[in-house]
Amino acid sequence: MKRELSPAERRWRAVLFASLTAETVAAFALALGTSPLGRAAALALSLGASSALLASFAVQRRRHERFLLRLESLAEDDGGDDEALLEERGRRLREVELLELLEQRLEESATAGLLRTEAELHALQNQINPHFLYNTLEIIRSRALVQGCLDVPEMVESLALQFRYCINSQGEMATLRQELAHVRNYLLIQRYRFGDRIRYKEVIHDEDDCVLNSRLPILTLQPIIENALIHGVNPRVEGGSITLRVRASDKRLYISVEDDGVGIPEEALKRMRQSLQGSAPAPSPRGRDGRSSGIAMGNVNRRIRLCFGEHYGVDVASTAGVGTSVFITLPLVREI
């Protein structure tokens, strides 16, 4: 014979159910859905069910609260000595606390489900928008070729490759070879802007496949190169040079980006290094355009540490009027 659950057991099973309902339905939707649109629709339905359940709990809680007010009024009229009223009041208080807990669990589950739904919808957008973008860029490139304008097709192709790399590989790991190719595409466009004022060189001490195919977070190098270009070299009238160096040991990959630009003042450099080490807020801007050179470095540093741990990341050295060197330390992760 099946044992009947006590009121307390039923209440706590309800709490557990409420805390898992939206997340479980969302997980099944993600696992069983055959398309991003289907999964997003299933997640939206699960959120609707959670919202309905949440509204039901809110109504019940308000009823209990109104009943508690009536009990308190009766208890005051009775001198506060009626044991039955006190017992009922205690029971109602426990019910209100339980309903508040149920609402909290459901709100947390509904929020988590909403974030998943938004991620699914963004995934849909990211599947649609790039195709339109690539097709448009290809049309521009083709028209420029027909008109005999050779530099525009080159820039458009480089831009398309950059978009493809950033959008299709969002949040993923890349190889060093892919990162270097992305840097070259970025600099190809910048050369049309800055001309001969910008000089770029790569020094790779060990160009075997083990090093070039090593893994690192996507968009590790380009933001550092952009910092060197915009905030280091560009403010100089005569421009300057940027050198990217790569070397590897048995277990680590060392990358440096060096420029002979305007450098960073001592106090700003101190704040920047403290920020990279996690002991200070983000640094103040340097550069004539007011953009912060520390934001990109901080972002790269955080992503490296999230992927590989606190022993890896970004450091910077600089002398005002001489130049800046950014050092990136990574584990030597071979492509599987």
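1. A word on terms before we start: a residue counts as buried when its relative accessible area is under 20%, and as exposed when that is over 50%. Please keep in mind that this is a predicted model.

2. With that cut-off, Thr324 is buried, because its relative accessible area is 3%. Thr324 belongs to strand 7, which runs over residues 323-331. Its side chain makes a polar contact of 2.8 Å with the side chain of Ser318.

3. Helix 7 (residues 222-233) is worth a look: 11 of its 12 residues are buried, so the rest of the structure largely encloses this helix. Among the buried residues are Pro223, Asn227, His231 and Gly232.

4. Helix 5 covers residues 176-194, and its length checks out: at 1.5 Å a residue, its 19 residues should span 27 Å, and the end C-alpha atoms lie 26 Å apart, which agrees. The buried residues of helix 5 include Leu176, Glu179, His182, Tyr186 and Phe194.

5. How many aromatic pairs does a search of the whole structure find? The search gives 1. The pair is Phe308 with Tyr312: the ring centres are 6.4 Å apart and the planes meet at 75 degrees, so the arrangement is edge-to-face. Phe308 counts as partly exposed, because its relative accessibility is 22%, whereas Tyr312 is buried at 16%.

6. One more ring to inspect is that of Tyr254: the charged end of Arg247 sits over this ring, 4.4 Å from its centre.

Definitions and conventions
Residues numbered from 1 in each chain as written. Predicted model: local features only at pLDDT ≥ 70, side-chain atom pairs only at ≥ 80, totals over all residues. Heavy atoms only, no water. Helix = DSSP H or I, 4+ residues; strand = E, 2+ residues; numbered from the N terminus. Buried < 20%, exposed > 50% of the residue type's maximum accessible area, 1.4 Å probe, protein only. Polar contact = N/O pair within 3.5 Å; in protein donor to acceptor, adjacent residues only side chain to side chain. Expected span 1.5 Å × (residues − 1). Phe/Tyr/Trp six-rings, centres within 6.5 Å; stacked < 30°, edge-to-face > 60°. Lys NZ or Arg CZ within 6 Å of the ring centre and 35° of its normal.
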